[in-house]
Amino acid sequence: MIFKPFMREGFMPLPIAFISTLSKDGVRNIAPYSCIMPVLRPLDLICLASAEKRDTLTNIRDMDQFVVNLVGADFSDKVIPTAKFSPPEADEFELAGLSEKASKTIAPPGIKGAYAWMECELATLHQDRGYTLIMGKVCRLEVADEVLTPQGTLDLKKACPLMMIGSEKGMHYCTATDMDQFTPFGQMFPDGKDPLEKKYVI
């Protein structure tokens with residue numbers, strides 16, 4: 001069966017990350033984003049696609065800073081309160097009943113209860129018809145200790161990352177599961193060594 005482009009999100013599970021920003025007047029904003037991805041290893045940059053008429057995009061243009069909050073499935077009831085229209089002067093932390101987590105390197109706060117926080121500074125903007133690509137430099141990545149394995153990797157069962165699959169009528173929430181299968185990055189290279197191995201330092 002062939003599907004129209006709009007339906008492609010129905011067959012590509014997408015993460016739901018909450019982007020928190022501050023306006024130039026100091027108003028706190030939160031918005032859920034699914035079109036978000038790291039830009040190659042080792043996550044020096046992260047890219048998100050935004051529609052033009054978004055307070056998040058305006059705030060990033062004005063203030064050059066934002067937080068990518070990675071959340072668990074328990075945040076599914078916060079998607080609509082932060083996605084629906086609210087005036088720019090509205091504090092979306094208050095509207096969604098969420099508490100802030102102070103950032104260390106930038107002004108916008110993160111969201112308390114997320115399992116990871118990426119404090120970002122704007123690197124570049126690429127504007128095209130109908131959308132803008134926001135490239136952020138990750139200044140600080142913090143992960144809650146309780147969702148880490150003893151080896152320091154993400155425990156998917158504990159984090160239960162919030163994801164979604166789209167349909168004609170809305171979003172079907174889902175999460176990721178561990179297949180208990182591991183392949184070293186080095187297997188992709190002829191000498192069996194990962195050239196970026198030394199960059200993985202906690």
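UniProt places the feature "domain: Flavin reductase like" at residues 12-156, in an unreviewed entry. Positions from UniProt follow the numbering used here, feature names are shortened, and annotations may be inferred rather than shown by experiment. The model is predicted: local features need pLDDT of at least 70, side-chain atom pairs count only at pLDDT 80 or more, and totals for chains, interfaces and linings use all residues. Residues are numbered from 1 along each chain as its sequence is written, and side-chain values use heavy atoms, with hydrogens and water left out.

The span 12-156 is 14% helix and 41% strand. Its end C-alpha atoms lie 19 Å apart. Helices (H or I, at least four residues) and strands (E, at least two) are DSSP runs, numbered from the N terminus.

Three strands form an open sheet in the order E1-E11-E12. The pairing is antiparallel; two strands pair if DSSP finds at least two bridges between them. Strand E1 (14-15) and strand E12 (171-174) stand at the edges with a single partner strand each, so one side of each has no neighbour in the sheet. Strand E11 (residues 163-166) is joined to E12 by four bridges. Here Gly166 stands opposite Met171 in E12.

A disulfide is a covalent bond between the sulfur atoms of two cysteines. It is assigned to a pair of cysteine sulfur atoms within 2.5 Å. The count by this rule is zero. For Cys35, the nearest cysteine sulfur is that of Cys47, 9.7 Å away. Cys35 is partly exposed, at 49% relative accessibility (buried means under 20% relative accessible area, exposed over 50%, partly exposed in between; 1.4 Å probe, protein chains only). For Cys160, the nearest cysteine sulfur belongs to Cys174, 9.9 Å away. Cys160 is also partly exposed, at 27%.
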